[in-house]
Amino acid sequence: MAVKVWVFAVALMMCAGVGLGADDDGGSRLISRCRLSSPNYRGALAKAILFFEGQRSGRLPANQRVRWRGDSALTDGQPENVNLTGGYYDAGDNVKFGFPMAFSVTLLSWSAVEYRDEVAAAGQLRHLRSAIQWGADFLLRAHTTPTTLYTQVGDGNADHQCWERPEDMDTPRTLYKITRSSPGSEAAGEAAAALAAAYLVFRDDRDKTLATQLLAASRSLFDFANDYRGSYQLSCPFYCSYSGYQDELQWASAWLYRATKDSKYLDFLQNNQGGSATEFSWDNKYPGAQLLATQEYLAGRTELEGYKRGLDSFVCAVMPNSGNTQIRTTPGGLLFTRDSVNLQYTTTATLLLSIYAKALLASAAGAVQCSAATFSPDQISSFATSQVDYILGDNPRSASYMVGFSSKFPRRIHHRGSSIPSIKVLPRKVTCSEGFSSWFPTANPNPNVHVGAIVGGPDGNDQFGDNREDSTHSEPATYINAAFVGACAAALGRSQQVPVDETASAHSDVM
């Protein structure tokens, strides 16, 4: 009885924000969250996936659940006699950027692969598969020849000078592509990774048609990226790469090895080790590639040990009190990389930490040793869960950064379709200039609640203005949500563990 009372008392202390000091081994104890007040992870997961239906381009299906949207961009690709309809608008504008779109598909697929049971238990597997296929289908269409990949549809500069619904869009739908004479190994490599990851989601389907197409296109895109090496930075109009293409080649080969076990891709990984980063993003894939290769290393591929060292360096860079920390946390505990769309870096780091903790635990590989602390899998996953909780409202503002989650959430997001009345409510055309004069500057909440959209997030002091004109903090993006899906699924799985036994074990060393 006394033990139960002590465990309960410790839990209450932690709910009040009381830390538990240092571990016996000298490492820093992470402040855990009270399981009694965990957010509704199931609801958050459902909303995070629903968001993608609001970002769809093309002809919407009969089972479309985001009803304020309508068909849009139905002639994309026609100037060059290709079908480039479908896909996703990446954020609050009406351009389709293939590079970050592919990254979003990769992350969604990774979430489905790693957390299939958790997503299925939440009743969301069908919707997640649909979100993956919507993006993957576009990537398949965009890869029109072995050495051609369309990477953007729409003139970004013209689009950003207009504020109009996608259904009214009349800005140029300019086409951009990479070819053998104008390569972009980053974009081709990411598309290869996306389709290989998507293949893993669909390969067990009774109808093998889609899976076969995905894997064949992935192999073709990897060869294109590797055989015709050149940086996308030299030819891209937007979403240019600053990290080079070696990270995408590692990333793509790691996904293809996971999908095929073809020694060709293992050899590539073994012969191209190297690279480091303190962030994982649509531009920099080194930590993601390192995690995939580390999973293979933990399964016995000892030749890939260098990737684990790189991944451990990433973990030490983002974990608080590691002695190696290069990414700070805000006073409220949010992992803070930069004051511009920061939640994209928070969610991607959280996804990696969640998957790595799971892999370490499954392989009994021990902890991650940093200069001033050693982090167990449980500590790593606890910190990852704390980031999910922060986004969902466990923060100094007691406000969610996901639209439609809880009673306090962003109401004025930087998003054209959300901020102008639905075409089904206001059926007349809203022009470019009218959007900017009548709907962009208003202080009124957006008329269409874009449920599930996660915005760029607060500043370094946990403050958030909910201002439509502040795109760096109030704009959502597909790659933020895509990373959050897996991170949230991991938190859901963690919350379903037996709380009393876990609590007793976690705090036995302070009794």
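Trainee: Which residues touch the most other members of the largest nonpolar core?

Mentor: In this predicted model, W110 and F484 do so, within a core of 140 residues. A nonpolar core is a set of buried Ala, Val, Leu, Ile, Met, Phe, Trp, Tyr and Cys residues joined through side-chain atoms within 4.5 Å. Helix α7 (residues 185–202) supplies the largest share of this core, 14 residues. Helices (H or I, at least four residues) and strands (E, at least two) are DSSP runs, numbered from the N terminus.

Because the model is predicted, local features need pLDDT of at least 70 and side-chain atom pairs count only at pLDDT 80 or more, while totals for chains, interfaces and linings use all residues. Residues are numbered from 1 along each chain as its sequence is written, and side-chain values use heavy atoms, with hydrogens and water left out.

Trainee: With which residues is F484 in contact, leaving aside neighbours within four places in sequence?

Mentor: Contact means heavy atoms within 4.5 Å. On that basis F484 meets A44, A48, T347, V388, I391, L392, M402 and I454.

Trainee: Why are α7 and α9 called roughly parallel to each other?

Mentor: The axes of α7 and helix α9 (residues 246–260) cross at roughly 20 degrees and come within 8 Å. Axes are lines fitted to C-alpha atoms, for helices over the stretch in contact, and angles run from 0 to 180 degrees between N-to-C directions. Angles under 35 degrees count as roughly parallel, over 145 as roughly antiparallel, 65 to 115 as roughly perpendicular and the rest as oblique. The two helices α7 and α9 are therefore roughly parallel.

Their crossing is left-handed, a term that applies if the near helix is turned anticlockwise from the far one by less than a right angle, with clockwise giving right-handed. Among the residues of α7 in this contact are A192, A193 and Y199, and those of α9 include W251 and W255. The residues of the contact divide into eleven nonpolar, two polar and four charged. Here Ala, Val, Leu, Ile, Met, Phe, Trp, Tyr, Cys and Pro count as nonpolar, Asp, Glu, Lys and Arg as charged, and the others, Gly among them, as polar.

Trainee: At what angle do α14 and α18 pack?

Mentor: Helix α14 (residues 377–391) and helix α18 (residues 478–495) pack at about 115 degrees, with their axes 9 Å apart. The crossing of α14 and α18 is left-handed. F484 and A491 are among the α18 residues in the contact, and V388 and I391 are among those of α14. By class, this contact has six nonpolar, three polar and two charged residues.

Trainee: What makes A491 count as buried?

Mentor: Buried means under 20% relative accessible area, exposed over 50%, and partly exposed in between (1.4 Å probe, protein chains only). A491, which is found in helix α18, has 2%, so it is buried. A491 is in contact with Y41, T385 and V388, leaving aside neighbours within four places in sequence. The C-alpha atoms of A491 and L45 are separated by 9.9 Å, although these residues are 446 apart along the chain.

Trainee: Is N81 buried or exposed, and how do you know?

Mentor: N81 has 73% relative accessibility and therefore counts as exposed. N81 lies in the loop between α2 (41–54) and β1 (96–97) and has a positive phi of about 60 degrees although it is not a glycine.

Trainee: Is V341 buried or exposed?

Mentor: V341 has a relative accessible area of 17%, so it is buried. V341 is not a glycine, yet it has a positive phi of about 50 degrees.
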